[in-house]
Amino acid sequence: MNNMKKRIFSMLPLALPVALSAADVPKPADKPNIVIIYADDLGYGDVGCYGAKLIPTPNMDRMAADGLRFTSGYATSATCTPSRYALLTGQYPWRIGATILSGEAAMIIRPGTLTTASLLKNAGYRTAAIGKWHLGLGDGRINWNKPIHPCPNDVGFDYSFIMAATMDRVPCVYLRNGSVVGLDSSDPLEVSYKTPFPGMPLGRTTPEGVRLKSAGDQHNDAIVNGVPRIGFYKGGASAQWKDEDMADTYTSEAVKFMEASKGQPFFLYLAYSDPHVPRLPNQRFLGTTTLGTRGDSIVEFDWCVGEIMKNLQRLGLDQNTLVIVTSDNGPVLEDGYADGAKEKLSGHTPWGPMQGGKYKGYEAGTRVPMIVRWPGHVKQGVSEAMVCQIDFAASFAALTGQSLKSNEAPDSWNVLPALLGQSATGRDYLVTDSVRNGLSIRQGDWKLLGNEVKKGEAPKAKMLFNLANDIGETVDLSERNPEQAAALEALLEKVKAQSRTRPD
């Protein structure tokens, strides 16, 4: 076995959370509020401080100037449900086969699982999930007209105000603490992902009722608010959301939660829908870019970031609040609707200097914006440390002086020193997953990209890239560096075989 392999294997098994020194662990009275502001499909190159020239993002840029901007900040996955699962559980989503869920899927985080929320609740935090959930609800077929359990409140959240799945999937309603908001019992809500309801208009059969056209057959089912969605829908008219008001609604809910929680430390998981499709930003943001509604939706998201920061300051909480802004996966242009996002790029590069994006295993699928701010505690500047959202659980455990059992957040590393800017070193290696390329692994500057899987074609061989010299992943070095490729393949297999998964 060569020295490289010895060095790699010496790091296994996966690192458990590392305790900070007593001087570094905040006292209970000093525990900061923690706010995670999560974008949906925001690319590395979509933010001004990451190089965007055509989309004004002054609030995120100001956060980066006041805090720490990561150039190697990752989601675990190139799609939404898996990334959210990893952030909230500290476990790789591929260990349970997590994939993009429908709007009526059972909840994949099971009650009794330690989550980022329950971890912080154990430390005396008040906790809330506001915005996009997309981790399933209930235990099977859902009756939307009754309280639904399990829901976020059953896995560590004191308060929840969510949508079940995504904006392009039914049901198009909000749920507060497991119950549909504003539902009229005389107009019960029915949802199906298999069979249309007789007499209900569909995008494919009633095009005159559509104001945003589908770019394919998938987004062509029930029409809600003039938009064809995925899935079939009947009733619940009084509870239907208005897409253009969604960002305002989530921001208002977040501000109310912060106001009500001012007397104790709080954790807010605030997951916006911008710039996910259908892109229907509030009218006041239309035309704020030359890139169409995708660019305008990013401006709307940046405004939301500014509103949260402004209200933290108004409440006297901004100096003792750790705020993280990041995204669930990389960018996508055409994703079900004909909204001109591709045609209106005008030279803008949502993927930054990389290639790929949502669904793909290339860097732009999982390397995302990540900005951390906590005045007086987070060192200002730019960090090249490799950090991942899956590490929030172990890092917050260290921050609040807690220990994790071996089956709790099993794939989460304590990278708190890197998140605070006290260390230039984060993770040594990271496994990422995607729809198009399966599992990939990065260690240091080397990355082994998973097999590219295309329907009807044989899988291609895995490719090896050196990201220090080729962040765009254009030159496959696997034939020139077979030992490096073999070592990464062996490390990936070792991680996959580890048994420290959460028990059923």
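Analyst: Before we start, a strand here is a DSSP run of E covering at least two residues. Ser 434 sits in one of these, strand E17. Keep in mind that we're looking at a predicted model.

User: Okay, why does Ser 434 count as buried?

Analyst: Buried means under 20% relative accessible area. Ser 434 comes in at 11% relative accessibility, so it counts as buried.

User: Which residues is Ser 434 in contact with, leaving aside its neighbours within four places in sequence?

Analyst: Contact takes heavy atoms within 4.5 Å. With those neighbours set aside, Ala 78, Tyr 359, Lys 360 and Gly 361 are in contact with Ser 434.

User: And what makes the pair between the backbone nitrogen of Asn 437 and the side chain of Ser 434 a polar contact?

Analyst: The cut-off for a pair of N or O atoms is 3.5 Å. A polar atom of the Ser 434 side chain lies 2.9 Å from the backbone nitrogen of Asn 437, so the distance falls within that cut-off.

User: Zooming out to the sheet, what makes E17 and E20 edge strands?

Analyst: The sheet is open, with four strands in the order E17-E18-E19-E20 and antiparallel pairing. Strand E17 (429-434) and strand E20 (463-466) each pair on one side only. Averaged over the sheet, neighbouring strands are turned by 20° against each other, direction ignored.

User: How do you know that E18 and E19 pair?

Analyst: Pairing needs at least two bridges found by DSSP. Strand E18 (residues 438-443) and strand E19 (residues 446-449) are joined by three, so they pair. They run antiparallel, and Arg 442 stands opposite Lys 447 in E19.

User: What lies across E17, E18, E19 and E20?

Analyst: That's helix H10 (residues 482-497), which runs at about 115° to E18.

User: What share of the residues count as buried, and what share of the contacts are between residues 24 or more positions apart?

Analyst: Of the 504 residues, 61% are buried. Among contacts with a separation of 6 or more, 72% come from residues 24 or more positions apart. As for the accessible surface, it comes to about 19,000 Å², with 50% belonging to carbon and sulfur atoms.

Notes
Residues numbered from 1 in each chain as written. Predicted model: local features only at pLDDT ≥ 70, side-chain atom pairs only at ≥ 80, totals over all residues. Heavy atoms only, no water. Axes fitted to C-alpha atoms, helices over the stretch in contact; angles between N-to-C directions. Buried < 20%, exposed > 50% of the residue type's maximum accessible area, 1.4 Å probe, protein only. Polar contact = N/O pair within 3.5 Å; in protein donor to acceptor, adjacent residues only side chain to side chain. Areas by Shrake-Rupley, 256 points an atom, 1.4 Å probe, with all protein chains shown as cover.
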